[in-house]
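Subject: Structure handover, aromatic contacts

Hello,

Here is the structure for your files. My notes on its aromatic contacts follow below.

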Amino acid sequence: MAKVKYYYDSETLSYRRIKRKKTTTFKYATVFLTAAALFGFLSFFVASQYIQSPKERQMARELQNMELQYELLNKRMDDAIAALENVEERDNAIYRLYFEANPIPIEQRRAGFGGINRYKKYEGFDNSELIGESNKRLDILEKAIVVQSKSLDEIAKLAEDKEKFLEAIPAIQPISNENLTRMASGYGYRTDPFTKVRKFHYGMDFTAPRGTPIYASGDGIVKRADNSATGYGNHIRIDHGYGYMSLYAHLYKYNVKVNQRVKRGDLIGYVGSTGRSEAPHLHYEIFKDGERINPINFYYGNLSAEEYDELLQKASLENQSLD
């Protein structure tokens, strides 16, 4: 029930009822509704700024989780980069150095990506810088891994070649010390046993009884096993590759054939005194790129330091050769 209001009429000396005009009522109603609407709008605006809706709270949580995931991703990339840098350091300082390959400069390993902006698609968002930088670091990391992978492929190939080289190079004494009577003559000027003239002796003579086993000093292919070379008598030549060839002369008989592949330490023949020889012995030579070189530098495969020193002293004596 609406509240009734009165006013005092001094002329009639009585109270009279106040009658509100319709226009006044409408005006009051309009003001009230406008104020209520304005208050409601302001309340909604303030609430929207400080109070989140369930959907907004869910999106905020997802955004927070995404930022956390990117932080974890960057931490994992930091760990991966640190591990890769350790491998790169060993690659340059040990592996490539050992196999005589040029180190890969850090500029090449960490090179960026020129030309167009590859990360423009990440721009315009609240976390554009974080997302773009993470993708950039990931791209550089991937490229560095590719560079390192190719380097390791190269090192593996160099290691394989190095292993083949080490197996092929003539590196052992062709007659065992237990079967050796003495090291009769070395590389250098010696007295010829037949003419007694001083001339250059291009190999090393190992004195041993007739029939003493002779071993291949390195992996290779038998290129000759005949007696058609002047002075050598029955002899064998093994091509070791890499420009190396070994020669075994004055043999009693062969244990290999031409084009046969042999391994270091294989039995290839027996000591004799065929050809231009004064007594049973093995005349041993090494060629590098067609030139004769001193075999004394190639016995590190089966001699101790003391045995090598003793052999070196005997080989340096200017005595009479046996061929």
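Phe165, Tyr242, Tyr244 and Phe298 form one aromatic cluster. Please keep in mind that this is a predicted model. In total, the structure holds 10 aromatic pairs.

One of the pairs joins phenylalanine 206 and tyrosine 299: the ring centres are 6.3 Å apart and the planes stand at 80°, so the pair is edge-to-face, given that planes over 60 degrees apart fall in that class. This pair links distant parts of the chain, 93 residues apart. Phenylalanine 206 is in strand S6 (residues 204–207), and tyrosine 299 is in the loop between strand S15 (291–293) and helix H5 (305–315). Phenylalanine 206 has a relative accessible area of 0% and is therefore buried. Tyrosine 299 also counts as buried, at 0% relative accessibility.

Within the cluster, tyrosine 244 and phenylalanine 298 have ring centres 5.8 Å apart and planes at 70°, so this pair is edge-to-face. Tyrosine 244 lies in strand S10 (residues 244–249) and phenylalanine 298 in the loop between S15 and H5, so the pair ties together parts that are 54 residues apart in sequence. Tyrosine 244 is buried, with a relative accessible area of 12%; phenylalanine 298 counts as buried at 8%. The cut-off for buried is under 20% relative accessible area.

The ring of tyrosine 244 has the charged end of lysine 288 over it, 5.1 Å from the ring centre. Over the ring of tyrosine 270 sits the charged end of lysine 253, 5.4 Å from the centre.

Regards

How values were computed. Residues numbered from 1 in each chain as written. Predicted model: local features only at pLDDT ≥ 70, side-chain atom pairs only at ≥ 80, totals over all residues. Heavy atoms only, no water. Phe/Tyr/Trp six-rings, centres within 6.5 Å; stacked < 30°, edge-to-face > 60°. Helix = DSSP H or I, 4+ residues; strand = E, 2+ residues; numbered from the N terminus. Buried < 20%, exposed > 50% of the residue type's maximum accessible area, 1.4 Å probe, protein only. Lys NZ or Arg CZ within 6 Å of the ring centre and 35° of its normal.
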